[in-house]
Amino acid sequence: MSTPILTVENLTVTFTTKYGRAAAVNNVSFDLAKGEKLGLVGESGSGKSVTSKSIIRLLQSPPAQIQGSIKLGDVDLLSLTEKQMQGYRGNHISMIFQEPMVSLNPLYSIGNQLSEIIRLHSPCPKSEQEKRVVDMLRTVGIPSPETRLRQYPFELSGGMRQRVMIAMALLCQPEVLIADEPTTALDVTIQAQILDLLRQLNRDFGTSIILITHDLGVIAEMADKVAVMYAGSIVETAQVRDLFHNPLHPYTRGLLTSLPSAQDDGGKELVTIEGNVPSIYQLPPGCAFHNRCKHAQSICSREVPPTFQKDGRCVKCWMYSDQWEEEVQP
């Protein structure tokens with residue numbers, strides 16, 4: 001197995017607010033190999049975006065308190081000063097943000113915003129800057145790039161703006177690209193084009209990708225490996241084929257069985273997961289999912305499960321422990 005290019009270990013992110021102290025991300029660990037596409041999936045509020053912003057160091061501290069280790073190669077990003085981190089963003093690790101409609105500065109032209117990245121990270125003559133910008137716009141599939149770079153964000157469609165965001169993230173050819181809901185607010189046709197573009201860039205540049213989404217269809221189509229998050233924790237990690245064919249965690253099973261199928265006759269009711277995701281300010285004792293789990297035993301309400309290894313996969317559920325076997329025996 002190749003050495004991971006990115007390793008996240010025991011990442012915990014807590015916030016202190018007027019409502020109290022809460023862990024938005026709790027003991028999260030995963031790794032990413034060179035050229036690998038990792039899907040980070042979960043409901044809204046599960047901690048996906050906080051995890052991504054922690055990796056690229058975009059959370060203000062305070063109010064955020066970040067613990068754990070985030071290593072890009074041999075460098076722990078959490079140990080860097082803000083000035084040092086600025087040298088890593090763009091050059092080594094980049095991010096595509098949600099909502100392309102509002103992620104670009106409306107007061108500056110597309111070319112100006114892209115050129116700024118080059119000026120900050122790899123200065124070169126202005127003529128060369130423009131050539132690099134035009135080449136990258138062409139790479140991400142924007143027609144007439146020489147014209148587009150003189151336009152402003154309001155003159156571009158949502159799909160075009162998202163392509164510009166991808167161009168910005170890739171200008172310095174980073175090793176790791178974090179795509180946070182890259183197809184949000186885009187119609188289905190444009191979504192497919194953006195996903196095809198990410199696949200092509202992964203193939204052509206060897207860029208490792210963390211794809212953050214709540215859309216399991218996107219995960220099935222794009223990811224090599226999947227990490228499922230619930231209430232701030234990763235509850236299961238597996239290769240994408242294994243996860244979809246044989247989910248281990250009850251929450252993962254619930255997510256997959258709740259999906260509509262093309263084979264359904266139209267009269268069949270969708271399966272739902274009963275209950276609601278708990279507030280991070282009032283997490284239940286033990287496993288955060290036990291109140292909604294049909295298989296829960298008493299240990300689930302008493303103790304937080306560790307991460308177990310099962311068939312080469314990671315799953316955070318007491319069902320795969322010796323204690324569980326003891327409890328369910330008559």
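Trainee: Where do I start? How many helices and strands does the chain have?

Mentor: Start with the inventory. The chain holds 13 helices and 12 strands. Keep in mind that the model is predicted.

Trainee: What do the overall dimensions tell me about the chain?

Mentor: Look at the span, then at the radius of gyration. The C-alpha trace spans about 75 × 50 × 45 Å along its principal axes. For 330 residues, a compact globule would have a radius of gyration near 20 Å, and the chain has 21 Å, so the value agrees.

Trainee: What share of the residues is buried?

Mentor: Buried residues make up 48% of the 330 in the chain. Check the contacts too. Among contacts with a separation of 6 or more, 63% join residues 24 or more positions apart.

Trainee: What joins E6 to E7?

Mentor: Count the bridges and note the direction. E6 and strand E7 (residues 176-180) run parallel and are joined by four bridges. For a landmark, find Ser-94, which stands opposite Leu-177 in E7. Then look for what covers the pair.

Trainee: Take E3 next. Is this strand enclosed or open to the outside?

Mentor: Count its buried residues. Five of the five residues of strand E3 (residues 37-41) are buried, so the strand is largely enclosed by the rest of the structure. Now check both faces. Lys-37, Gly-39 and Val-41 point one way, Leu-38 and Leu-40 the other, and all are buried.

Trainee: Which strands pair with E3?

Mentor: E3 pairs in the parallel sense with strand E8 (residues 208-213) over five bridges. E3 also runs parallel to strand E9 (residues 225-230), with four bridges.

Trainee: Let me try a single residue. Where is Thr-213 found, and is it buried or exposed?

Mentor: Thr-213 is in strand E8. The cut-off for buried is under 20% relative accessible area. Thr-213 has 4%, so it is buried.

Trainee: Which residues is Thr-213 in contact with?

Mentor: Set aside its neighbours within four places in sequence. Thr-213 then contacts Leu-40, Val-41, Gly-42, Lys-48, Glu-181, Val-218 and Ile-219. Thr-213 and Gly-39 are 174 residues apart in sequence, yet 7.4 Å apart C-alpha to C-alpha.

Trainee: What is the order of the four-stranded sheet?

Mentor: This open sheet runs E2-E1-E4-E5, with antiparallel pairing. Its edge strands are E2 (20-32) and E5 (75-76), each pairing on one side only. Inside, strand E1 (residues 6-17) and strand E4 (residues 64-72) pair antiparallel over eight bridges. Thr-14 has Gln-65 of E4 as its bridge partner. Helix H1 (residues 48-55) packs on this sheet, touching E1, E2 and E4, and its direction makes about 110° with that of E1.

Trainee: How do I describe two packed helices?

Mentor: Use the angle between the axes and the distance between them. The crossing is right-handed. H4 supplies Gly-111, Leu-114, Ser-115, Ile-118 and Arg-119, while H5 supplies Gln-129, Arg-132, Val-133 and Leu-137. By type, the contact residues are four nonpolar, three polar and two charged.

Trainee: One more helix. How many residues of H11 are buried?

Mentor: Six of the eight in helix H11 (residues 250-257) are buried, so H11 is largely enclosed by the rest of the structure. They are Pro-250, Tyr-251, Thr-252, Gly-254, Leu-255 and Leu-256. These buried residues pack against helix H9 (216-222), E9, strand E10 (233-239) and helix H10 (240-245).

Conventions: Residues numbered from 1 in each chain as written. Predicted model: local features only at pLDDT ≥ 70, side-chain atom pairs only at ≥ 80, totals over all residues. Heavy atoms only, no water. Left-handed = near helix turned anticlockwise from the far one by under 90°. Helix = DSSP H or I, 4+ residues; strand = E, 2+ residues; numbered from the N terminus. Contact = heavy atoms within 4.5 Å. Nonpolar A, V, L, I, M, F, W, Y, C, P; charged D, E, K, R; others polar. Pairing = 2+ DSSP bridges. Rg over C-alpha atoms; globule rule 2.2 N^0.38 Å. Buried < 20%, exposed > 50% of the residue type's maximum accessible area, 1.4 Å probe, protein only. Axes fitted to C-alpha atoms, helices over the stretch in contact; angles between N-to-C directions.
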